Amino acid sequence: MDEHDIRIRNFLYRRFVEARQTSRVDDVAREFELTHTAAAAALRRLHDAHALVLERDALEIRMLNPFSCVPSAWRVETGGRNWYSNCAWDSFAVCAALDSDGHIESSCADCGELLALDVRDRKPVQTDYLFHVLVPARQWWDDIVFT
Amino acid sequence: MNLFRSEEHLERWLAGREPGATTSVETLCELAHAWYSDRLDSDWRPHTIEHNQAILDRVGLTGPFWRLGPGADLGGAA
């Protein structure tokens with residue numbers, strides 16, 4: 001990931017957070033005056049560097065961690081804005097990235113009952129839930145969507 | 001990476017599978033802030049694997065399960 005790729009990465013995040021738009025290859029090509037092929041290659045490099053996650057079967061952005069660019073089971077509200085995240089960790093991380101209090105909603109992975117948590121001053125208000133990670137850290141990126 | 005109402009719910013969900021690692025929500029929140037608070041900085045740079053491992057160590061997530069592998073050194077976590 002060279003400096004140019006980092007600028008593209010920063011553009012993707014900024015556009016997603018500020019304009020609520022998930023960029024596509026053509027958006028990158030236009031912004032950075034690249035050919036479609038070069039812009040596509042940049043997205044693939046960023047995916048390979050784990051700076052974002054592309055869909056498995058399409059050149060479209062699925063994750064700008066901790067944000068999910070597609071609807072998910074993890075919902076986060078911060079300052080009147082609503083987001084999707086990718087997992088329990090990323091839900092708290094949305095609050096961290098935006099430096100904001102927040103309200104997280106998802107469900108117990110076992111029974112499906114609604115779980116609601118608030119973050120205030122960088123700390124959880126409700127503390128009676130358990131966080132479980134099934135996949136060891138060294139294998140997280142083997143299949144990040146499953147992780 | 002899931003949340004559960006209680007240990008009982010986690011055990012039922014595992015259904016005999018080998019468990020991974022379980023932490024409190026307080027630790028998870030601390031981890032999230034340490035790992036991701038720079039994510040939208042205009043001068044963001046990829047974390048090194050050593051940097052991310054130090055974050056895990058600092059919040060008490062140590063041992064073989066929490067040893068990072070290739071790919072955890074750049075943009076992502078999970």
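**The contact between the chains**

A: Three salt bridges are found by the rule across the interface of chain A and chain B; the rule asks for a side-chain nitrogen of Lys or Arg within 4 Å of a carboxyl oxygen of Asp or Glu. The model is predicted, so local features need pLDDT of at least 70 and side-chain atom pairs count only at pLDDT 80 or more, while totals for chains, interfaces and linings use all residues. Residues are numbered from 1 along each chain as its sequence is written, chains are lettered from A and ligands numbered from 1 in the order in which they are written, and side-chain values use heavy atoms, with hydrogens and water left out.

A:Asp110 and B:Arg12 form a salt bridge, with their closest N and O atoms 2.7 Å apart.

On the side of chain A that touches chain B, two or more residues come from each of helix 1 (3-19), helix 4 (88-98), strand 7 (114-120), strand 8 (123-124) and strand 9 of chain A. These elements are DSSP runs numbered from the N terminus: helices are H or I of at least four residues, strands are E of at least two. Helix 4 of chain A gives the most to this side, nine residues. By type, this side of chain A has 36 nonpolar, eight polar and nine charged residues. Here Ala, Val, Leu, Ile, Met, Phe, Trp, Tyr, Cys and Pro count as nonpolar, Asp, Glu, Lys and Arg as charged, and the others, Gly among them, as polar.

The contact involves 53 residues of chain A and 49 residues of chain B, contact meaning heavy atoms within 4.5 Å. Between them the two chains bury about 4900 Å², of which 67% is on carbon and sulfur atoms. A:Trp89, A:Leu130 and A:His132 supply 17% of the area that chain A buries against chain B, more than any other three residues. Buried area is the accessible area (1.4 Å probe) that two parts lose on being put together, summed over both.

The chains also share an open sheet of three strands, in the order 1(B)-9(A)-2(B) with antiparallel pairing; two strands pair if DSSP finds at least two bridges between them. Strand 1 (2-4) and strand 2 (21-24) of chain B are at the edges with a single partner strand each, so one side of each has no neighbour in the sheet. On average, neighbouring strands of this sheet are turned by 35° against each other, direction ignored. Strand 9 (residues 130-133) of chain A is joined to strand 1 of chain B by three bridges, the two running antiparallel. A:Phe131 has B:Leu3 as its bridge partner, and A:His132 stands opposite B:Asn2. Helix 2 (residues 25-36) of chain B packs on the sheet, touching strand 9 of chain A and strands 1 and 2 of chain B, and its direction makes about 90° with that of strand 2 of chain B. For such angles, axes are lines fitted to C-alpha atoms, for helices over the stretch in contact, and values run from 0 to 180 degrees between N-to-C directions.
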